[in-house]
Amino acid sequence: MDGLFDAGRELTSGSDEPSGLVRVAAPADFFDFFPMEWMNEFMAAYPRVRLDFVLSDGRADLIAERIDVAVRGGILEDSSFFARKVFDEGTDGLVASPAYLAARGTPQTLQELADHDCLFFSHPSGQGVWRLTAADGSESEVHVAGRFSANTAQALRKAALSGFGIALLPSTITIDGLKSGALTRVLPQYSRKGHGLNLVYPSRHHLPPAVSAFIDMVTNKLVSSAAC
């Protein structure tokens, strides 16, 4: 916890007005869940700041690539870096479109997933493995298959919305679809422990005002959005 930023950190002003280049490493689908309008607000508020995004699903080398801040999910493997936690660990749940369920039926047990098209992260085997926890705490491992797989959660979400099958996705990216009725929960008694989201940076000492301003903006926007 020593490396976590204080969420209430104030932006500096006056001679320390945010300026200069901020290099940001983020997932390839970052702008699928982070509206460009928010970025426009930030750049309007800080006209002297320039942003350079390195979008990739690989882990950027913060030092070698001169990255100021990286958007990372999951467990932080390098304890030499510092981070501000945006989200705590959430839960992933099974979802599908009403149209898919109307056409193929709604599975009532985990075993019935074998009869369905499941949407999973790309794997050379052409199959996926879902490790799910029941409401009573018991755990199950389910091997799934389907006609569509991808290497980003947003691609799988869009496939689920389009009726391609059943997906296991973070609640943070399915909440809007569930609220609107575009997605329906499947086997809601099962879930998977998700991963948090962190903003990682090489050092908390002498953090440039532009980097601090960017970290504050991303944190505030994502936290506010999740609370809606």
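I start with a term: pLDDT is the predictor's confidence in each residue, on a scale from 0 to 100. I need it here because this is a predicted model. For the protein, I note a mean pLDDT of 86, with 88% of the residues at 70 or more.

Next I looked at a sheet. I traced five strands in an open sheet, ordered β2-β1-β3-β13-β4, with mixed pairing. At the edges I find β2 (49-55) and β4 (82-87), each of which pairs on one side only. Neighbouring strands here are turned by 25° against each other on average, direction ignored.

β4 and β13 (residues 197-201) run antiparallel and are joined by five bridges. For Arg84, I find the bridge partner Leu199 in β13.

Then the nonpolar cores. Which residues touch the most other members of the largest core? I list Val22, Phe34, Phe42, Phe214 and Leu222, out of 28 residues in that core. At least two core residues come from each of β1 (20-26), α2 (36-45), β2, β3 (69-73), β4, β13 and α6 (209-227). α6 gives the largest share, eight residues.

Leaving out residues up to four places away in sequence, Phe34 touches Met39, Met217, Val218, Lys221 and Leu222.

How values were computed: Residues are numbered from 1 along each chain as its sequence is written. This is a predicted model: local features need pLDDT of at least 70, side-chain atom pairs count only at pLDDT 80 or more; totals for chains, interfaces and linings use all residues. Side-chain values use heavy atoms; hydrogens and water are left out. Two strands pair if DSSP finds at least two bridges between them. Helices (H or I, at least four residues) and strands (E, at least two) are DSSP runs, numbered from the N terminus. Axes are lines fitted to C-alpha atoms, for helices over the stretch in contact, and angles run from 0 to 180 degrees between N-to-C directions. A nonpolar core is a set of buried Ala, Val, Leu, Ile, Met, Phe, Trp, Tyr and Cys residues joined through side-chain atoms within 4.5 Å. Buried means under 20% relative accessible area, exposed over 50%, partly exposed in between (1.4 Å probe, protein chains only). Contact means heavy atoms within 4.5 Å.
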